[in-house]
Amino acid sequence: MKRASSLTFIAIASLLAVGSPALAKPSIQNGKSACTAEAKKATPSPKSVRVDDQATRVTSDAYIFTLRIKNEDASKATAICTFNVQDSGVTLAAGE
């Protein structure tokens, strides 16, 4: 009887181990990378894009990043990037 319950436990544990990564939310780092990549697609292409870690906010369904953008002509801009955790969608808006 112990052997059957041990096999059942091992089977359930292996299923949970295999299924867990599929159920995991994207990480904050994934959100940062997606937002940075989206901002770099702008025309004209910015010289640099960085995430202001101090202004990062996390809600139950999104990561909200403040992006500091430096353009080729040395002008600076700010953008707000919202990374949707459910579908990994990225939305950019002009910052303050």
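I began with D52, which lies in strand 1. The model is predicted. D52 has a relative accessible area of 15%, so I logged D52 as buried, the limit being under 20%. Setting aside neighbours within four places in sequence, I found D52 in contact with T66 and R68.

I then looked up R68. R68 makes a salt bridge with D52, and the closest N and O atoms are 2.8 Å apart. This pair links distant parts of the chain, with R68 in strand 2 and D52 in strand 1, 16 residues apart. R68 is partly exposed at 31% relative accessibility, whereas D52 is buried.

**Other salt bridges**

I noted three salt bridges in the structure. One of them joins K32 and D53, with 2.7 Å between the closest N and O atoms. It too links distant parts of the chain: K32 sits in helix 2 and D53 in strand 1, 21 residues apart. I have D53 as partly exposed, with a relative accessible area of 47%.

E38 pairs with K41 in a salt bridge, the closest N and O atoms being 3.5 Å apart. E38 counts as partly exposed at 30% relative accessibility. K41 has a relative accessible area of 60% and is therefore exposed, as the cut-off is over 50%.

**Whole chain**

I stepped back to the overall layout. The protein chain has two helices and four strands, and along the sequence they follow the pattern α-α-β-β-β-β. Of its 96 residues, 23% count as buried. The chain exposes about 6800 Å², and carbon and sulfur atoms supply 58% of that area. I also checked contacts between residues at least 6 apart in sequence: 30% of these join residues at least 24 apart.

**Loop between helix 2 and strand 1**

Helix 2 covers 28-40 and strand 1 covers 48-58; K47 lies in the loop between them. P44 lies in this loop between helix 2 and strand 1 as well. I recorded a cis peptide bond joining T43 and P44, with omega about -5 degrees.

K47 is exposed, with a relative accessible area of 56%. Which residues gather with K47 in a patch of positive charge on the surface? I listed R50, K70 and K76.

**Positive phi values**

I found A74 in the loop between strand 2 (62-70) and strand 3. Phi of A74 is near 70 degrees, a positive value in a residue other than glycine. A74 counts as exposed at 56% relative accessibility.

S88 is in the loop between strand 3 and strand 4 (90-94). Its phi is also positive, about 60 degrees, although S88 is not a glycine. I have S88 as partly exposed, with a relative accessible area of 38%.

**T82**

My last entry is T82, placed in strand 3 (residues 76-84). Is T82 buried, partly exposed or exposed? Its relative accessible area is 29%, so T82 is partly exposed.

Leaving out neighbours within four places in sequence, I listed the contacts of T82 as A62, Y63, I64, G89, V90 and T91. I also took the C-alpha to C-alpha distance from T82 to R57, which is 9.5 Å for two residues 25 apart in sequence.

Conventions:
Residues are numbered from 1 along each chain as its sequence is written. This is a predicted model: local features need pLDDT of at least 70, side-chain atom pairs count only at pLDDT 80 or more; totals for chains, interfaces and linings use all residues. Side-chain values use heavy atoms; hydrogens and water are left out. Patches are made of residues with over 30% relative accessible area and no salt bridge: like charges are joined within 9 Å, nonpolar side chains (Val, Leu, Ile, Met, Phe, Trp, Tyr) within 5 Å. Accessible areas come from the Shrake-Rupley method with a 1.4 Å probe; for residues, only the protein chains shown count as cover. A salt bridge is a side-chain nitrogen of Lys or Arg within 4 Å of a carboxyl oxygen of Asp or Glu. Lys and Arg count as positive and Asp and Glu as negative; His and the chain ends are not counted. The place of a charge is taken as NZ of Lys, CZ of Arg, CG of Asp or CD of Glu. Buried means under 20% relative accessible area, exposed over 50%, partly exposed in between (1.4 Å probe, protein chains only). Contact means heavy atoms within 4.5 Å.
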